[in-house]
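This report describes one protein model for a reader who is new to structural analysis. The sequence and the structure should be kept in view while reading.

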Amino acid sequence: STGTFLSKMVNYETTMTMIQYISYALWSMPYMGVGRNLAYTKKLYEKVGGMKDHLDIISGDDDLFVQSATKFTKVTVCMENDTFVYSDAPKTFRKWWNQKTRHYSTGGFYPWWQQLLLGTFMITKWIVYVFFILLIVTKPLQWSYISALISYLLISILFMNSIKDKLSSQLKWHEIFFFDITYITSMVLQGIHSKTIQKKYW
């Protein structure tokens, strides 16, 4: 069902992931791609060597292929609706958790600078909410900081709301704040989990 809590959480996480990898691609720093939404020529595929360097990993061969391909060509982005390929979200939390754990296991194969940038993005998001909690318990209230926090939230909501139709997002504007918190929490937990398992199969 497209209106369930899980489907909305997956929708938000997917949107945030898309924003990051498309933004980096537009800045000539592509680091990943989603296999079903990639287009490349047979000539490029053969020049890169296909997926032969990534046969020993359980997920992320599309990401690593994009990184390898940047040595031979420029990566471009297409946002035409007719080019989008959709897939169904996992039906249960267990299936979703296992899927994301596989995905995050690929991060260790990224270049160090990309890991640093992605990690910084997540840390800054956490800092925003940690400061929010601190501001609530601080006496007297620091209204200048609270105003800055409110501005951040409004900008985030307005931005996500502006692109949700383009991406066929299910989220309502008032749900964005809540799912942003679930997003950063699940990212940390899944990242930790992916480092503690030795799963070598699908």
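## A residue and its contacts

Which residues does Gln20 touch, not counting residues up to four places away in sequence? The model in which this is asked is predicted: local features need pLDDT of at least 70, side-chain atom pairs count only at pLDDT 80 or more, and totals for chains, interfaces and linings use all residues. Residues are numbered from 1 along each chain as its sequence is written, and side-chain values use heavy atoms, with hydrogens and water left out.

With residues up to four places away in sequence set aside, Gln20 touches Tyr31, Leu118, Phe121 and Tyr183; a contact here means heavy atoms within 4.5 Å. Gln20 is found in helix α1, residues 5–26. Helices (H or I, at least four residues) and strands (E, at least two) are DSSP runs, numbered from the N terminus. Gln20 counts as buried because its relative accessibility is 11%, where buried means under 20% relative accessible area, exposed over 50% and partly exposed in between (1.4 Å probe, protein chains only).

## Overall form and confidence

The protein chain has 7 helices and 0 strands. Its C-alpha atoms fill a box of roughly 65 × 40 × 35 Å, taken along the principal axes. Of its 202 residues, 37% are buried.

The mean pLDDT of the protein chain is 84, and 95% of its residues reach 70 or more; pLDDT is the predictor's confidence in each residue, from 0 to 100. Confidence is highest in α2, at a mean of 93, and lowest in α6, at 81.

## The nonpolar cores

A nonpolar core is a set of buried Ala, Val, Leu, Ile, Met, Phe, Trp, Tyr and Cys residues joined through side-chain atoms within 4.5 Å. The largest core has 33 residues, and Tyr12, Tyr31, Met160 and Tyr183 touch the most other members. Two or more residues of this core come from each of α1, α4 (93–104), α5, α6 (143–163) and α7. The largest share, 10 residues, is given by α1. A second, separate core of 5 residues includes Leu44, Val48, Met51 and Phe65.

Phe65 is also one of the buried residues of α3. This helix, residues 61–69, is mostly covered, with 8 of its 9 residues buried. The buried residues of α3 pack against α2 (42–48).

## The surface

A nonpolar surface patch of about 1100 Å² includes Ile123, Trp126, Phe131, Val137 and Val188. The elements that give two or more residues to the patch are α5 (112–137) and α7 (176–196), and α5 gives the most, with 10 residues. Like charges are joined within 9 Å, and nonpolar side chains (Val, Leu, Ile, Met, Phe, Trp, Tyr) within 5 Å. Accessible areas come from the Shrake-Rupley method with a 1.4 Å probe; for residues, only the protein chains shown count as cover.

Val137 lies in helix α5 and is exposed, because its relative accessible area is 58%. Val77, in the loop between α3 and α4, is partly exposed, with a relative accessible area of 32%. Val77 touches Ile22, Ala25 and Leu26, not counting residues up to four places away in sequence. The C-alpha atoms of Val77 and Ile22 are separated by 6.9 Å, although the two residues are 55 residues apart along the chain.

Terms used. Patches are made of residues with over 30% relative accessible area and no salt bridge: like charges are joined within 9 Å, nonpolar side chains (Val, Leu, Ile, Met, Phe, Trp, Tyr) within 5 Å. A salt bridge is a side-chain nitrogen of Lys or Arg within 4 Å of a carboxyl oxygen of Asp or Glu.
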